[in-house]
Amino acid sequence: MSRLTIYDCEPKQLSPLTLAFIGDGVFDLFVREEIVCSANRPVKELNKLKVERVRCEAQARLFEKIEPDLTEEELDIFRRGRNAHTSHTPKNASSYDYHTATGLEALFGFLYLSDRTERIRALIKISQN
């Protein structure tokens, strides 16, 4: 799957929170794809399963599983996202989970904008083992 956008941009030039913004949508789409392709279910059940997977606690656990498989470049992007100063305060999550999820979203945003969606798929698959 190649990028759906017709726009060229340089992901390394973007702020970590901008990468996280796009990465949030990318991760949501990949999770929806996986859930829909695993079984035909009522929409209410699909949404419940999606919410369980995209919550920042779940994203933090996903990062912990894939961390050993990340390249130095990927770890750098993750750290930039994790350490970015946000004005948002998490209400239902720990600060650790929230910032880890932001780092993961920044990584997925970077990979997507770098046209490396197969790498995203591989990382998600690693997390399922």
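A salt bridge is taken here as a side-chain nitrogen of Lys or Arg within 4 Å of a carboxyl oxygen of Asp or Glu. The structure is a predicted model, in which local features need pLDDT of at least 70 and side-chain atom pairs count only at pLDDT 80 or more, while totals for chains, interfaces and linings use all residues. Residues are numbered from 1 along each chain as its sequence is written, and side-chain values use heavy atoms, with hydrogens and water left out.

By this rule, 13 salt bridges are counted. One of them joins arginine 121 to glutamate 118, with the closest N and O atoms 3.5 Å apart; both residues lie in helix H6 (residues 117-127), three residues apart, about one turn of the helix, where helices are DSSP runs of H or I with at least four residues, numbered from the N terminus. Salt bridges that share partners also join Lys12, Glu73 and Arg116 into one network. A further salt bridge links glutamate 45 and arginine 41, whose closest N and O atoms are 3.2 Å apart. Glutamate 45 counts as partly exposed because its relative accessibility is 37%, the class between buried (under 20% relative accessible area) and exposed (over 50%), with a 1.4 Å probe and protein chains only.

Two aromatic pairs are counted, for which ring centres of Phe, Tyr or Trp (its six-membered ring) must lie within 6.5 Å, planes under 30 degrees apart being stacked, over 60 edge-to-face and the rest tilted. Phenylalanine 63 and phenylalanine 78 form a stacked pair, 3.8 Å centre to centre with 10° between the planes, and both residues are buried.

Terms used: Helix = DSSP H or I, 4+ residues; strand = E, 2+ residues; numbered from the N terminus.
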